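Please work through each task before reading its solution.

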Amino acid sequence: MCDKLQLEPQGGKVVTAWKDDHTTRLTLLGIALTLLYLAVLCPLGFLEGARAASGDTLLQWRASLSGPPAQIQDFLLVTVDDESQRRLNQKWPWDRSAFAQFLRRITPSSPRMVLFDLAFVGQSRPESDQALAQAIREGPPTLLAAYLDPQGELMSPDPRFLEAGGIPGLINKPMDRDAVIRRMWTAIRLPGQAGPLYGIEVQAAARLWGIGPDQIRNEGSGLSLGSRHIPTGRLGELPINFLAAPEAFPAVSFWKALEGSVPSDQIRGKVVLVGSAREITHDVHSTPLKRMPGMVIEASGILTLMTQRFLTEFPLWAGLLICALFVVGILQIAYRATLWTGALAAAGLTGTGIAAAFFLISRDISVELLSPVLLGSSAWFTGFLYKQMVLTAGTLRLQRQAIRDGLTGAFTNRYFRLCLREQLQRAYRLKRPASLVLVQVPSQAQLLQSEPAEVAARRVKNLVDTLERALPAQTLVGRLREDRFGLFLPNTPLPRARELVAGLQAALRPGSDAVAFGLAGMEPISQETGMRDSLLQRAEAAVERAKVRGNGAIEEYDPALDPIRPRPPSEAETRGAATHLEYVSSELEERNLALERALAELRHLHEQLESSFLEVTKSLVLALETKDAYTAGHLERVSRYATRLAEVLDLPREEVGAIREAALLHDIGKIGLPDEVLHKVGRLTDEEREIIKQHLSIGAKILEPMKFFRSITTLIYHHHEWYNGQGYPHGLAGDFIPSGAQVIAIADAFDAMTTHRGYNKPMSSPEALAELKRGAGQQFNPLYVERFADLIVREGPSMAGYAAR
């Protein structure tokens with residue numbers, strides 16, 4: 001615990017910090033965390049599958065809560081299911097005559113179009129192909145599946161079906177890394193093809209809108225179908241907006257349609273999609289909602305185009321901004337709140353983010369759930385970890401402050417003694433030598449006699465720095481008192497300690513003559529108990545002899561010259577070694593007690609100063625009352641009026657106190673006026689008025705030499721200024737007049753009007769208030785006059801100790 005600590009320099013060095021250090025750091029940390037996640041990890045595919053799956057969850061919630069769009073009733077799914085397989089009793093793929101018969105069966109019901117999610121590639125039995133081609137020719141518009149095989153070769157329907165009017169459409173879908181279909185191809189270009197091959201969904205939408213092939217244009221920003229624009233990606237991909245679950249689509253079994261048991265109105269005007277729903281045919285795929293047959297995926301793509309509800313990506317800049325604010329908010333909460341409060345608040349913000357994500361997906365804006373959850377939890381954990389780091393750093397800083405002297409950086413007296421005991425016990429167990437050197441330096445009082453305090457403090461700090469540089473790294477340096485330092489040298493016999501001290505003496509030149517050294521070694525000590533005090537006592541005895549000799553003397557402990565008296569073990573020694581934190585707690589408690597004693601002493605000195613201030617004020621008032629009988633009572637009344645007005649105006653407490661004292665002394669300058677002018681009965685001449693005005697500057701000169709009156713001198717000097725700038729001595733106006741001076745002016749005028757003096761008749765309180773109101777905005781501050789009038793009406797002039805009529 002007491003090994004040599006490597007701490008940052010002490011001694012009053014000021015480190016400049018931002019005003020709100022932690023808020024700024026957490027904000028920057030939140031921005032960095034957001035950029036790391038959104039701008040680095042996400043583009044690299046971090047948790048791509050999990051993020052996509054969380055977006056799928058939002059689509060599932062929307063599908064379950066919102067319900068399908070009305071256009072879903074324009075569809076009819078004819079499923080090749082297990083029951084159809086059983087009833088037809090044919091090996092898959094079925095003979096094409098079955099599909100020809102199906103087309104002939106539903107044609108009389110006038111479906112809007114028929115889409116086969118089945119690949120009629122190549123030839124089968126001629127009569128079956130002939131029958132299917134004839135059914136296509138005579139039936140409703142028919143879309144036929146084309147696809148790309150694993151080698152990228154286009155597998156197109158048999159030419160006979162195309163010649164019969166069949167419309168080819170690509171049924172392949174791009175598949176994400178997690179084997180989920182979320183997009184469709186609107187158009188692709190293949191080598192050797194005259195034009196693009198359009199997706200079967202695009203072909204279906206074009207026929208539904210009555211748009212011919214020549215009106216479909218593949219542009220840079222997307223696909224145009226007549227006047228309608230379809231925004232696609234760079235490769236012609238379009239996200240499928242899965243607006244409904246598979247079971248929401250109207251559906252019938254293929255065998256029912258084949259035998260004619262499906263009502264005509266269920267087919268009339270509908271988009272009929274035919275496809276396999278059997279897993280064994282490998283045409284059932286994973287989608288954001290669930291596993292779906294290919295024809296349901298195509299129906300969802302067509303529904304996306306029909307409703308024009310395209311999934312759009314949330315703008316990157318907006319995502320960065322919102323996520324940064326979200327992360328910074330959680331970081332601040334995690335740092336400033338308690339553990340559970342912070343966790344609940346972070347969970348609440350994360351829940352808000354999830355609700356926002358659901359709102360956005362309901363507006364067809366593509367978002368996902370994992371990012372707010374991941375960012376929220378990461379931000380909370382990071383904020384909590386930052387808080388723990390700050391607390392740990394604060395604890396370490398507190399420990400350093402408790403064990404280090406603030407000026408020199410040396411160990412404090414108590415901590416040095418604690419370390420000394422532990423080091424001596426270790427040396428005793430390991431049978432190793434050790435030495436203790438006490439360094440006597442000039443006291444602070446001695447240094448202050450010849451140099452300023454800053455220079456004296458720097459001299460002491462430089463001395464300690466020199467000691468630490470000249471001694472081995474494992475040396476413990478402690479400040480035992482203001483003018484004495486202790487140097488404990490472990491693994492150092494006394495002869496080696498003498499050499500080190502001689503080196504110290506040389507390193508301290510010039511100025512080493514004012515420093516004395518006392519040495520003691522632990523070799524003669526044979527008992528563990530009391531080792532610390534015995535060694536300290538021996539070194540103290542030696543340094544006292546060196547101090548007497550002076551001139552940089554070095555003395556070693558000599559039993560014949562330095563008798564010592566054993567000390568009883570301390571309570572800490574009796575109890576055992578204190579832990580580091582126990583010591584810190586004890587040290588802080590002692591420092592707090594010392595601080596309380598110092599504050600109590602400061603309060604006592606402050607009370608004495610206030611008492612002296614009050615006595616001086618009373619003496620000055622008494623002197624003025626002796627000079628001018630009118631001021632007897634006037635000064636105290638003005639002070640009370642002014643104090644109450646200042647309180648009603650809610651001025652700061654310190655300013656109220658200054659106004660109280662300034663009002664008591666506002667006419668102190670009249671002491672220097674001639675008696676014949678001051679005591680004149682009747683109106684004054686212009687020359688006499690100018691003499692009276694001099695009492696302001698005279699008062700300022702009287703009070704200015706006394707430091708404790710400097711805060712009120714300005715108020716006294718300007719209490720005859722007018723609000724409109726027509727007053728004296730400087731013609732200040734409005735808020736340029738100190739507020740305290742404006743308050744005193746109103747109180748002085750009111751008391752002057754309501755009391756008797758040699759040349760006027762006193763007014764009643766209402767008359768004086770009316771006069772003040774006439775002067776509002778001219779001589780007096782109108783707001784202050786209004787507040788003063790309310791005060792007099794409410795409390796009466798008797799509050800000043802005098803009842804005006």
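How many aromatic pairs does the structure hold? The structure holds 18 aromatic pairs, where rings of Phe, Tyr and Trp (its six-membered ring) pair if their centres lie within 6.5 Å. This is a predicted model, in which local features need pLDDT of at least 70, side-chain atom pairs count only at pLDDT 80 or more, and totals for chains, interfaces and linings use all residues. Residues are numbered from 1 along each chain as its sequence is written, and side-chain values use heavy atoms, with hydrogens and water left out.

**Exercise 1.** Classify the pair of Trp94 and Phe254.

Step 1. Planes under 30 degrees apart count as stacked, over 60 as edge-to-face and the rest as tilted.
Step 2. The ring centres of Trp94 and Phe254 are 5.3 Å apart and the planes stand at 50°, so the pair is tilted.
Step 3. Trp94 and Phe254 are both buried (under 20% relative accessible area, 1.4 Å probe, protein chains only).

**Exercise 2.** Classify the pair of Phe750 and Phe788.

Step 1. With centres 5.2 Å apart and planes at 75°, the rings of Phe750 and Phe788 are edge-to-face.
Step 2. Phe750 and Phe788 are both buried.

**Exercise 3.** Identify the charged residues that lie over Trp209 and Tyr728.

Step 1. A charge sits over a ring if NZ of Lys or CZ of Arg is within 6 Å of the ring centre and within 35 degrees of the ring normal.
Step 2. Over Trp209 sits the charged end of Arg228, 4.3 Å from the ring centre.
Step 3. Over the face of Tyr728 lies Lys693, at 4.9 Å from the ring centre.

How values were computed: Buried means under 20% relative accessible area, exposed over 50%, partly exposed in between (1.4 Å probe, protein chains only).
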